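Here is a walk through one structure, step by step. Keep the sequence beside you as you read.

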Amino acid sequence: MRLVKQYVLSLSAAARDGWNHFWFTPADPATLALIRVAAGAMLLYTHLVWTLDLEAFFGPHSWVSPAAAATVLRDPDGGGYAWSHFWIIRGPFALWTAHLAALVLFAMLMLGLFSRVVSVLAYLAAVGYVNRIPGAQFGLDQINVMLAMYLMIGPSGAAWSLDRLWAARRAGHSLPPAQPAVSANLAVRLIQVHMCVIYFYAALAKLGGITWFSGEAIWYAVANLEYQTLDMTWLARWPLLIALITQVTLYWELSFCVLVWPRLIRPLVLLMGVPVHLGIAFCMGMITFGLVMLIGCLSFVPPDLVRRLLRFPSDRKAGQARTDPIHGARRLVAAPPKQPSK
Amino acid sequence: MGAQTKPASSRSARQLAAWHRWSPARRAVVSALLAAHLLAVLVGPWSRSILSDFLRGVYRPYLQAAYLDHGYKFFAPDPGPSHLIRYELEFGDGRRVEGMMPDRRKHWPRLLYHRHFMLTETIPSPLLSPAWNPELPWEEQTLSVPQQAYVRSYAAHLIEAHHGAERVTLHLIEHRLANPPEVLGGMELDDPSLYLTRPLGSFTRSPR
């Protein structure tokens, strides 16, 4: 009994410490800022494309009329909590004004101008768009909104942003990298966990089929003329290759949520995602979807590596800021004194 | 021995210091919110079961309001046939115009094409038509209320978007996927035998 009690106490202490370490260790906001730039650009492009046929999708006589959207979004009991600012917009002037305002918001998010406020408004705007036109949505929108949601949480404008440049200008000198923040870690961790959930459920759904097991699924994906942008029908002569790509994709998705965490194999797991998502992007014409999944995967890139790769002038100056090679967070302890040279 | 244990203890001290940036009360509140949100993230795509239905009921407002209610079923359970809509517009002056949705020649860039493609793919979506049985002839299938709402809305849009149009007839086309032996045997991906057509109905102006 004493052993059991001891085990339970050890387990709960380890769980508490692990939870605290995972969620509440301050992190350099560099990774979050990079995701802000990329996700902001994707949100801007995604919504800019609506401009080409705005009234056909959001006007009163749109493909999915407000009445049809309400019917689809309503629960069987008649209720529903999906909302959109487009419900209260009447007339083309208001529609175009709201759309242009949203484009400005997404551009500001990408550039990092008034990031904290703009990230909240950008998320609300993105949800408003997707709920207005159910039926025209696909995975791109789910990931776009997910990223916008978590960008609200952390200081995403603390690097690579106009906010940062503005702060430096006001200070009259270049600034060192932003201090590590718990909220930056929270935001990135939430993206990481959400990406794991997405891949896991995507794989589970595939397990309910036949062709992912039989090794033919990739053939049927690339042989779909409506998706196809690159003619991959030469694969018909290579059934073993089709089966290999199919099952590597399936097992990569299924194992992502486990294998992405050990640091040694994380780069390999992430690198596997590049051909998977670029294959979707360039063979099946879903460039935006392929890229937005890779943006989500950026959350697993440590901030010190982000800074090293991007090498902005401010980083070189603060290169002296010591980083934790494991978590990328700047250490909070004082540097050890230098050993006198012998 | 003491020198070996020092790094571990200093790491613990560092982590402790880092966590203490936030007070225990603040961490407790945020932890509760995190747990609630993470459960929502899991419940959204959870397949149907008594437990998931219960949790989905609890979380429904949050899932819907935050746009988290997704299955993440990308090309699952199996990559299936495509669905297109062919339309025939009849004008007051007797003209007839036919069109296809999506249309690569008209819908550019690719994302705009994909938006139109998703509109047509939505009609036979299992989410909208749980009772849809692909084994039955299409004529024997009944469209659910959301499916009918989509079809009526597409028809109304086409009539409004084409000045002078009085009537539109819609057909849902299923484009079956050729298998490798068929392609090796010389079949093209757009072989006419791969297409099945089902009428969706004829609609006159102001069907909304």
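How many residues lie between β1(B) and β2(B) in their hairpin? The answer is 4. In that turn, B:G94 has a positive phi of about 95°.

First, some ground rules. This is a predicted model, in which local features need pLDDT of at least 70 and side-chain atom pairs count only at pLDDT 80 or more, while totals for chains, interfaces and linings use all residues. Residues are numbered from 1 along each chain as its sequence is written, and chains are lettered from A and ligands numbered from 1 in the order in which they are written.

Strands β1 (82-91) and β2 (96-101) of chain B pair in the antiparallel sense over 6 bridges. Helices (H or I, at least four residues) and strands (E, at least two) are DSSP runs, numbered from the N terminus. Two strands pair if DSSP finds at least two bridges between them. B:E90 has B:R96 as its bridge partner.

Chain B has an open sheet of 4 strands in the order β2-β1-β3-β4, with antiparallel pairing. Its edge strands are β2 and β4 (195-204), each pairing on one side only. From one strand to the next, the twist averages 20°. Angles run from 0 to 180 degrees between N-to-C directions, with axes fitted to C-alpha atoms, for helices over the stretch in contact. Helix α4(B) (110-122) lies across β1 and β2 of chain B, at about 95° to β1(B). Helix α5(B) (145-161) packs on the sheet and touches β1, β3 (165-175) and β4 of chain B.

Now look at where the chains meet. In all, 68 residues of chain A are in contact (C-beta atoms, placed from the backbone, within 7 Å) with 61 residues of chain B. On the chain A side, α9(A) gives the most, with 9 residues.

Beyond its neighbours within four places in sequence, A:L147 is in contact with residues including A:I35 and A:I191.

Conventions
Two residues are in contact if their C-beta atoms, placed from the backbone, lie within 7 Å.
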